[in-house]
Structure formats: structure tokens, C-alpha cells
Amino acid sequence: MTKFRHVPALDGVRGLAIILVMFRHMSLLSMGTRPDAPFVDRSVHMIASVGWVGVDLFFVLSGFLITGILLDAKGSPGAFPRFWKRRALRIFPLYYAACAFFFFVLPHTGYFAHDPAIDSLGHYQAWYWLYGVNVLEVIKGGVATPLNTAHFWSLSVEEQFYIAWPFVVLTVSRRALWRVSIGMSIAALVCRIALVYYVHDGLVAAYVLSVARMDILAAGAIVALAVRTPGLMELGRRYALGAGSAAAIAIVLLARLAPTGFSVQNPYIATVGYSVLAIMGAVLMLLVVSASDGKGWKRPFENRTLKVFGKYSYCLYVVHYPFMMVLDLLVPKFHIASVYGSTLPAWCVYGVLLFAGSLAVAWVSWRVLEAPMLSLKDKRLVFRRRTVVPQ
């Protein structure tokens with residue numbers, strides 16, 4: 001099987017994903033939601049609110065990158081422990097540092113020491129430590145994920161994928177992996193239809209449960225297989241724009257079928273729509289990785305700003321939403337004078353503070369925690385010398 005080299009432009013794709021997510025969470029502020037809000041406020045709010053697709057973009061990236069790493073490692077000694085060691089060094093330090101802050105530091109800090117939400121968060125902390133926030137969200141709802149920690153659901157989906165997927169990729173043939181990936185895509189759609197139409201409040205489950213979102217991860221896996229199959233990447237690129245255009249038209253039509261529009265509350269988006277988004281994500285991934293450096297679909301994602309956001313995207317994702325909680329306490333965001341009735345200036349000031357503060361935290365995290373831990377990823381595992389039998 002052909003190995004595929006690292007594509008720096010994917011850092012730009014990751015950067016776009018985190019920017020979309022941050023704007024999505026900013027759209028939850030009241031700017032642009034009033035019926036009498038100026039047109040520009042409502043327009044900006046509408047654009048920012050579609051940023052939830054950034055999470056789907058993260059999932060496609062994970063499916064592509066993780067499957068590729070596993071395919072390239074397949075057959076080598078210690079592939080299982082090496083993969084999990086590298087994932088642990090990348091994911092666990094920051095994640096568990098954030099958990100430690102929420103459960104051990106925040107309850108003793110100023111305003112939050114007397115916030116009733118702290119007790120609720122502490123009561124359900126086992127779900128956080130064990131990467132089960134997505135399941136917790138379905139069982140208990142938002143009351144169990146207070147203080148802007150609900151976004152941890154996607155980290156749980158990713159970790160559950162990291163645990164299960166290596167067993168599949170490293171133990172089945174390439175032909176079987178194609179079948180498994182396609183089967184996952186079909187099964188996820190069927191699961192979402194059952195959840196949305198036959199389960200009370202099934203929209204939340206369809207959005208956050210791993211079994212319901214495995215098609216978006218499988219989409220990335222299919223692209224990873226395609227680029228490692230001679231001739232298939234060229235064939236896929238030939239039809240990619242047509243498939244992507246058809247998918248975009250389908251999304252627009254599905255969004256118009258319900259008053260909730262392009263949102264996770266639209267049952268048509270929450271069922272067929274997620275599958276269409278998976279196709280769009282796979283098309284984008286294929287177009288980016290198959291383009292020549294500096295040309296085509298690579299070029300916009302080689303933008304330096306996008307790559308900077310991509311480099312720090314993990315920490316940005318973890319910290320930006322809780323940081324909004326802090327800003328809500330410190331910044332009188334809606335007391336800034338409006339301009340012709342528009343609160344967009346206040347929203348922009350809030351956004352600058354959010355992006356700058358989150359980037360500052362991410363910059364420190366990268367240098368103090370993440371980069372030092374990543375430097376250990378190529379260190380030899382001591383137990384491998386005792387357990388791997390020479391062939």
C-alpha cells in the first residue's frame with residue numbers, strides 16, 4: 001500500500017474548523033437574535049451560527065489522519081502500543097489538566113466557589129474523566145454539563161474512536177476495511193433515523209453519540225484508503241467537484257424543509273444531512289490532499305493565519321468555550337454603545353477578547369505542556385523490548 005506524506009495544508013483545514021466552532025459559540029450570544037435587530041446583525045448571526053459544521057470537519061480530519069497512521073503502521077512490530085502511546089501523549093495531558101482545573105481548582109476560585117453549577121459538575125465528573133460526556137449529555141442533558149463544558153462531547157467521540165478503530169484497521173484486510181467503512185456510513189444513517197423519529201429528544205442523541213456520527217469519521221477513513229490506492233485518488237478527484245456541488249445543493253434543500261433551517265434541530269439535517277456533510281467533508285479532504293503544493297485547493301489552506309490556528313486548535317477547542325464564561329463575568333459586552341441600534345460593535349469587541357485570550361492560553365499550553373509531551377512520542381517503549389519476539 002502506498003504511504004502518503006504529511007500535508008501541511010491540513011493544518012489550515014484544522015484552523016478553519018476551530019474558527020468556525022468559535023464563531024458558532026459566539027453566535028449563542030444575543031446579538032442578531034432579536035426580531036427588530038438590524039439586518040447586518042441578523043446576517044452576521046446567521047453566518048456565525050452555521051459554524052457547528054467545524055466539529056464535523058474535525059471528525060473528517062480525525063478519520064483521515066488516524067486511519068492513515070494506522071495503515072502506514074500496519075504490519076510493523078508494536079503498532080498497537082506505539083499508536084496508543086502517541087495518542088495518549090497528544091490528548092491526555094491537556095484534557096486531564098482541563099479536568100483537574102474544573103474539578104479541583106475552579107470550585108475554590110472567587111465567584112465559582114459559590115456557584116451551584118459547581119456541585120452539579122462535580123457530581124458528574126466521572127463521565128468527564130472516562131470520556132463519556134457525549135453519553136452524559138444524552139442521559140442527563142445540559143444540567144450535567146454546566147459552566148460551558150458541553151463541548152467536551154466531541155472529545156469523547158474522538159477518544160472512543162481512538163480506542164475502537166485501531167482494532168479494526170490493524171486486524172482486517174484493506175478490502176474488508178472498505179466494506180467496514182461503507183457499512184459504518186449506512187449504519188450511522190439508520191441509527192440517526194431511528195433516534196430522531198422514534199426516541200424522545202432523539203435529536204441530541206443523533207448529534208453526540210459515537211454510533212450515530214461514525215459516518216463522518218468513516219468518510220475520512222475512506223479518503224485515507226483512496227489516497228493509498230494507486231489510481232483511485234486521481235479518479236476521485238475527477239468527480240469530486242461534481243459530488244461536492246450535488247451535496248451542497250442537497251444541504252440547502254434539506255435546510256429549507258423545516259423552520260429550524262440549517263441547524264442540528266432540523267430533523268432532516270440531523271438524519272440525511274449529516275451523511276451529506278460527511279460527503280462534503282470527504283470531498284474537501286480529497287481535493288486538498290490531491291492538489292499540488294501552493295496550488296488548487298491547497299493554496300487557501302496554506303494561509304499562515306489558518307495554520308497558526310490549526311497548530312493550537314486542540315487547546316483552543318478545549319479552553320475557548322469556558323473562557324467565554326469568564327468573559328461574561330468580566331466584560332459588559334452589551335453595555336457598549338450601539339451604532340444605529342446595532343450591537344455588532346460590542347460583539348466584535350467580545351470576539352477580539354475571546355480570540356486573543358484563547359490564543360494566549362493555547363500558546364502557553366503548547367510550550368509548557370503539549371510540545372514537551374509530544375517530544376516523548378518517539379521514545380522507545382521499555383516494555384516492547386521484553387514483549388516483542390523477533391521474527
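Reader: Is Asp 72 buried, partly exposed or exposed?

Author: This is a predicted model, and every value here is computed from it. Accessibility sorts residues into classes: buried is under 20%, exposed is over 50%, and partly exposed is in between. Asp 72 has a relative accessible area of 23%, so Asp 72 is partly exposed.

Reader: Which residue does Asp 72 meet in a salt bridge?

Author: A salt bridge needs a side-chain nitrogen of Lys or Arg within 4 Å of a carboxyl oxygen of Asp or Glu. Asp 72 meets Arg 228 this way, with 3.1 Å from N to O. The pair links distant parts of the chain. Asp 72 is in helix α3, while Arg 228 is in the loop between α11 and α12. They are 156 residues apart. Arg 228 has a relative accessible area of 4%, so Arg 228 is buried.

Reader: How many salt bridges does a search of the whole structure find?

Author: The search finds five. Another one joins Arg 213 to Asp 56, and their closest N and O atoms are 2.6 Å apart. Arg 213 lies in helix α11 and Asp 56 in helix α3, residues 53-73, so this pair ties together parts 157 residues apart in sequence.

Reader: Are Arg 213 and Asp 56 buried or exposed?

Author: Arg 213 is buried, at 0% relative accessibility. Asp 56 is buried too, at 3%.

Reader: Which residue forms a salt bridge with Asp 215?

Author: Arg 192 does, with the closest N and O atoms 3.0 Å apart. Asp 215 lies in helix α11 and Arg 192 in helix α9, so the pair ties together parts 23 residues apart in sequence. Both residues are buried.

Reader: Now the loops. Where does Thr 229 lie?

Author: Thr 229 is in the loop between α11 (210-227) and α12. Its relative accessible area is 18%, so Thr 229 counts as buried. To see what surrounds a residue, set aside its neighbours within four places in sequence. For Thr 229, that leaves contacts with Arg 174 and Trp 178.

Reader: Which residues are in contact with Asn 134, by that reading?

Author: Asn 134 sits in helix α7, residues 133-140. With sequence neighbours within four places left aside, Asn 134 touches Trp 153, Ser 156, Val 157, Gln 160, Val 208, Leu 209 and Ser 210. Its relative accessible area is 0%, which means that Asn 134 is buried.

Reader: Next, backbone angles. What is the phi of Leu 147?

Author: Start with the general idea. Most residues other than glycine have a negative phi. Leu 147 is not a glycine, yet its phi is positive, at about 55°. Leu 147 is in the loop between α7 and α8 (152-169). At 10% relative accessibility, Leu 147 is buried.

Reader: Where is Asp 201, and what is its phi?

Author: Asp 201 is in the loop between α9 (174-198) and α10 (202-208). Asp 201 also has a positive phi, near 55°, and is a residue other than glycine. At 57% relative accessibility, Asp 201 is exposed.

Reader: Which residues make the nonpolar surface patch?

Author: A patch of this kind joins nonpolar side chains within 5 Å, from residues with over 30% relative accessible area and no salt bridge. Here the members are Ile 193, Tyr 197, Tyr 198, Val 199, Leu 257 and Tyr 268. The patch covers about 630 Å². Take Leu 257 as one of them. Leu 257 is in the loop between α12 (232-255) and α13 (269-290). Leu 257 is exposed, with a relative accessible area of 52%.

Reader: At what angle do helices α4 and α17 cross?

Author: For a helix pair, read the distance, the angle, the hand and the contacts. The axes of α4 (residues 79-105) and α17 (residues 344-374) come within 8 Å and cross at roughly 145°. The crossing is right-handed. From α4, the meeting residues are Leu 89, Arg 90, Pro 93, Leu 94 and Ala 97. From α17, they are Ser 365, Trp 366, Leu 369, Glu 370, Met 373 and Leu 374.

Reader: How many Å apart in space are Ser 365 and Ala 250?

Author: They are 41 Å apart, C-alpha to C-alpha, and 115 residues apart in sequence. Ala 250 is in helix α12. At 25% relative accessibility, Ala 250 is partly exposed.

Methods
Residues are numbered from 1 along each chain as its sequence is written. This is a predicted model: local features need pLDDT of at least 70, side-chain atom pairs count only at pLDDT 80 or more; totals for chains, interfaces and linings use all residues. Side-chain values use heavy atoms; hydrogens and water are left out. Patches are made of residues with over 30% relative accessible area and no salt bridge: like charges are joined within 9 Å, nonpolar side chains (Val, Leu, Ile, Met, Phe, Trp, Tyr) within 5 Å. Accessible areas come from the Shrake-Rupley method with a 1.4 Å probe; for residues, only the protein chains shown count as cover. Helices (H or I, at least four residues) and strands (E, at least two) are DSSP runs, numbered from the N terminus. Buried means under 20% relative accessible area, exposed over 50%, partly exposed in between (1.4 Å probe, protein chains only). Axes are lines fitted to C-alpha atoms, for helices over the stretch in contact, and angles run from 0 to 180 degrees between N-to-C directions. A crossing is left-handed if the near helix is turned anticlockwise from the far one by less than a right angle, and right-handed if clockwise. Contact means heavy atoms within 4.5 Å.
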